[in-house]
Amino acid sequence: MSNAPRLRFLKGHGTENDFVIVPDPDGRLELSAAAVARICDRRAGVGGDGLIRVVRSSAHPEARAMAAEAEWFMDYRNGDGSIAEMCGNGVRVFARYLRRAGLVEEGDLTIATRAGLRHIHIAKAAGGPEGTSGGGTDEGADGGAITVGMGKAVLPEPGPDGGITVAVGDRTWSARNVNMGNPHAVAFVDDLAQAGDLFTAPAVHPASAYPDGVNVEFVVDRGPRHVAMRVHERGSGETRSCGTGACAVMVAAARRDGADPGVTGRPVTYTVDVPGGRLVISERPDGTVEMTGPAVIVAEGELDSVWLDTALD
């Protein structure tokens, strides 16, 4: 491995949900879970909530069936190296990288993910819709806001053990089971501080409802069609933002508020504040969910070849 080429990477974030981006268009790089975890380590590696490998769909066995509709596949891993189906903030950062690299144009494109195809719109104007930037950074400096078609939410019925509950310490809340291509448990609370430090995963019952683990969102109201959330992401801990989580929160809030577009026949939009900024989430009467927010590339470089050798061992 000592003669291995240096590995190029970039660093980006969407509402401060941050990722290491590894271009690998021909799908030649093999990254073990341990290697991903080392790269994402915030003290001994580059640091990130997750790692995004950029691969042509035709070069990846999980994406070849989608290659006719999407040239690029987002191979997403959580910060601990585990594989995830989708990442809403990550797919915006993925699209920003493709545009920055000159691989796509502004406007519409389709990206393949493990949760299926995701349709993207990269705004042509600098900056985004009012209210989509946040976190104290100049999001507009890296291009316009990006809108992602997140597909339709699935709301599984309660299993034989009854509804979902989430517990932190001696507090327990009912939660809504929402699947956005990956699993979520959404709990409405009085104060976000009740979620605790979120260093460890909240207890979720019944565990059988989430055999592959779950992302847990805690939500408070900020105003009409306006909520704020904190999240514990499986495999990453608390993150500054979670795009699929914000979509799950919006869907759960709309059902709670009697604003289900499938019932009312009218689209609905919620503003969702996350610790790292602000996202705007809409749901259409056909159930399609769209997310709009910023995506920024902040750095690029190369991993040291000697360090990389040890990481890949």
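Me: Are Phe19 and Tyr76 buried or exposed?

Reply: Both Phe19 and Tyr76 are buried (under 20% relative accessible area; exposed is over 50%, partly exposed in between; 1.4 Å probe, protein chains only). The model is predicted: local features need pLDDT of at least 70 and side-chain atom pairs 80 or more, while totals for chains, interfaces and linings use all residues. Residues are numbered from 1 along each chain as its sequence is written, and side-chain values use heavy atoms, without hydrogens or water.

Me: How many aromatic pairs are there?

Reply: A pair of aromatic rings is described by the distance of the centres and the angle of the planes. Rings of Phe, Tyr and Trp (its six-membered ring) pair with centres within 6.5 Å; planes under 30 degrees apart are stacked, over 60 edge-to-face, the rest tilted. The count is two aromatic pairs. Phe19 and Tyr76 have ring centres 5.8 Å apart and planes at 75 degrees, so this pair is edge-to-face. The pair links strand S2 (residues 17–23), which holds Phe19, to strand S4 (residues 72–78), which holds Tyr76, across 57 residues; strands are DSSP runs of E, at least two residues, and helices runs of H or I, at least four, numbered from the N terminus.

Me: Which residue forms an aromatic pair with Trp173?

Reply: Phe218 does, edge-to-face, at 5.7 Å centre to centre and 75 degrees between the planes. Trp173 is in strand S9 (residues 171–179) and Phe218 in strand S12 (residues 215–223), so the pair ties together parts 45 residues apart in sequence. Trp173 and Phe218 are both buried.
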